[in-house]
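Dear colleague,

Please find below the structure that I am handing over to you. My findings follow it.

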Amino acid sequence: MWRPLRPEIQQWRRYAVAGALLMSALCRAETGCPWLNRATAAGVLRGPVSLEVSNGAEAGGVCIFRRQETASSLKIVVHGAAAAAGSALPFRSQCTSSIASLRGIGNEAVLCAVGSRKVRGEQVIGRVRDRLFVVDLRMKREAGQPPGRESLQGEAERISEQVAGALF
């Protein structure tokens, strides 16, 4: 036999349903980068970052983390299987230094310098299975603390290891 709920329980239930509806309207899901989280990027770029994500077909896409008050950025590009063949050449042409081979980061991974006088950068280009990935880290030279090349290389390698691990 069905009995109606007590009035105080009915009132509590109404509040719970109203609260749930309000929270669902206020909370929006943020699209994240599938290969790296915002907190890690903020640590590398030494400050709060914004994120732009565009996902393509066949598990490819681009994530760009930008430090809000400087020209520093971290860009991760992943090409899917169909687009990966031969797509490393445009990225290698951006290198402003000799290309160094990296071991233990995917297949055929290389590291090189990119950037300009005002913005120093390092780029890692590699492959995991049938997907090509590029990690492009650029830091603006700030007064008093220009980032050293060795420091940027270490950060670019560390991020590349995480991206390659996510792709594996």
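Two strands are taken to pair if DSSP finds at least two bridges between them. The model is a predicted one, and on that basis it holds an open sheet of 7 strands in the order S1-S2-S3-S7-S6-S5-S4, with antiparallel pairing. Strand S1 (49-55) and strand S4 (100-101) stand at the edges with a single partner strand each, so one side of each has no neighbour in the sheet. Within the sheet, strand S2 (residues 61-67) and S3 pair in the antiparallel sense over 6 bridges, and Gly61 stands opposite Val78 in S3.

Two helices deserve mention. H2 lies across S1, S2, S3 and S7 and runs at about 125° to S1. H5 also packs on the sheet, where it touches S3, S5, S6 and S7, and its direction makes about 150° with that of S7.

Helix H5 (residues 149-167) has 19 residues and reaches 27 Å from its first C-alpha to its last, close to the 27 Å expected at 1.5 Å a residue. Seen down the axis of H5, its buried residues fall within an arc of 140°, so they line one face of the helix. Among them are Leu152, Gln153, Ala156 and Ile159. The buried residues of H5 pack against helix H2 (38-45) as well as against strands including S3 (73-79) and S6 (119-128).

Finally, Ala113 lies in strand S5 (residues 107-115) and is buried, with a relative accessible area of 10%. Ala113 and Gln153 are 40 residues apart in sequence and 8.5 Å apart in space, C-alpha to C-alpha. Leaving aside neighbours within four places in sequence, the contacts of Ala113 include Gln94, Cys95, Gly121 and Arg149.

With kind regards

Terms used. Residues are numbered from 1 along each chain as its sequence is written. This is a predicted model: local features need pLDDT of at least 70, side-chain atom pairs count only at pLDDT 80 or more; totals for chains, interfaces and linings use all residues. Side-chain values use heavy atoms; hydrogens and water are left out. Helices (H or I, at least four residues) and strands (E, at least two) are DSSP runs, numbered from the N terminus. Buried means under 20% relative accessible area, exposed over 50%, partly exposed in between (1.4 Å probe, protein chains only). Contact means heavy atoms within 4.5 Å. The expected span of a helix is 1.5 Å times one less than its number of residues. The arc is that of the directions from the helix axis to the C-beta atoms. Axes are lines fitted to C-alpha atoms, for helices over the stretch in contact, and angles run from 0 to 180 degrees between N-to-C directions.
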